[in-house]
Amino acid sequence: MNRTRICGVDSPCLQVQARTASLHYSVGAPYLLEKADLLRLAKSWVQFVPRVYEGYPDLLAEMFAYSLAAAHQQLPHLRLDHFMVSNIDMDEEGE
């Protein structure tokens with residue numbers, strides 16, 4: 001994905017390295033956020049969805065846009081993978 005096109009030239013999302021992205025921004029619903037953080041995040045998320053969809057016209061475009069918006073707003077997430085129960089091939093799944 002062209003992060004510069006999606007997030008903007010001066011966006012903090014361009015500084016996020018792959019390891020950090022995997023640990024803190026590669027998340028899926030449900031999202032638990034403070035109201036103030038969600039309001040900040042929602043503005044970027046709404047802007048980024050069409051841009052992501054242009055290059056990735058798939059169902060997960062909105063989720064990728066969410067991750068990029070979180071990185072843009074510098075709102076890293078705490079991933080709790082042990083709650084996932086829909087992927088039987090995942091290690092450390094919370095069965």
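The model is predicted, so local features need pLDDT of at least 70 and side-chain atom pairs count only at pLDDT 80 or more, while totals for chains, interfaces and linings use all residues. Residues are numbered from 1 along each chain as its sequence is written, and side-chain values use heavy atoms, with hydrogens and water left out.

**Confidence**
- Mean pLDDT (the predictor's confidence in each residue, from 0 to 100) is 87 for the chain, with 82% of residues at 70 or more.

**Nonpolar core**
- A nonpolar core is a set of buried Ala, Val, Leu, Ile, Met, Phe, Trp, Tyr and Cys residues joined through side-chain atoms within 4.5 Å, where buried means under 20% relative accessible area, exposed over 50% and partly exposed in between (1.4 Å probe, protein chains only).
- The largest one has 18 residues, and those with the most contacts inside it are I6, C7, L41, F48, V52 and L68.
- Helices α1 (3–7), α3 (35–55) and α4 each supply at least two residues of this core, and the largest share, seven residues, comes from α4.
- Leaving aside residues up to four places away in sequence, L68 touches M1, R3, I6, C7, C13, F48 and V52; contact means heavy atoms within 4.5 Å.

**Salt bridges**
- The structure holds two salt bridges, each defined as a side-chain nitrogen of Lys or Arg within 4 Å of a carboxyl oxygen of Asp or Glu.
- R5 and E54 form one of them (2.9 Å, N to O); R5 lies in helix α1 and E54 in helix α3, so the pair ties together parts that are 49 residues apart in sequence.
- R5 is partly exposed at 42% relative accessibility, whereas E54 is exposed at 55%.
- D37 and R40 also pair (3.7 Å, N to O), and both lie in helix α3, three residues apart, about one turn of the helix.

**After α4**
- Q73 sits in the segment after α4 (61–72) and counts as buried because its relative accessibility is 18%.
- The Q73 side chain makes a polar contact with that of S44 (2.8 Å); such a contact is a pair of N or O atoms within 3.5 Å, within protein one able to donate a hydrogen and the other to accept it, and residues adjacent in sequence count only if both atoms are side-chain atoms.
- Q74, also in the segment after α4, is exposed at 56%, and its phi is near 55°, a positive value in a residue other than glycine.

How values were computed:
Helices (H or I, at least four residues) and strands (E, at least two) are DSSP runs, numbered from the N terminus.
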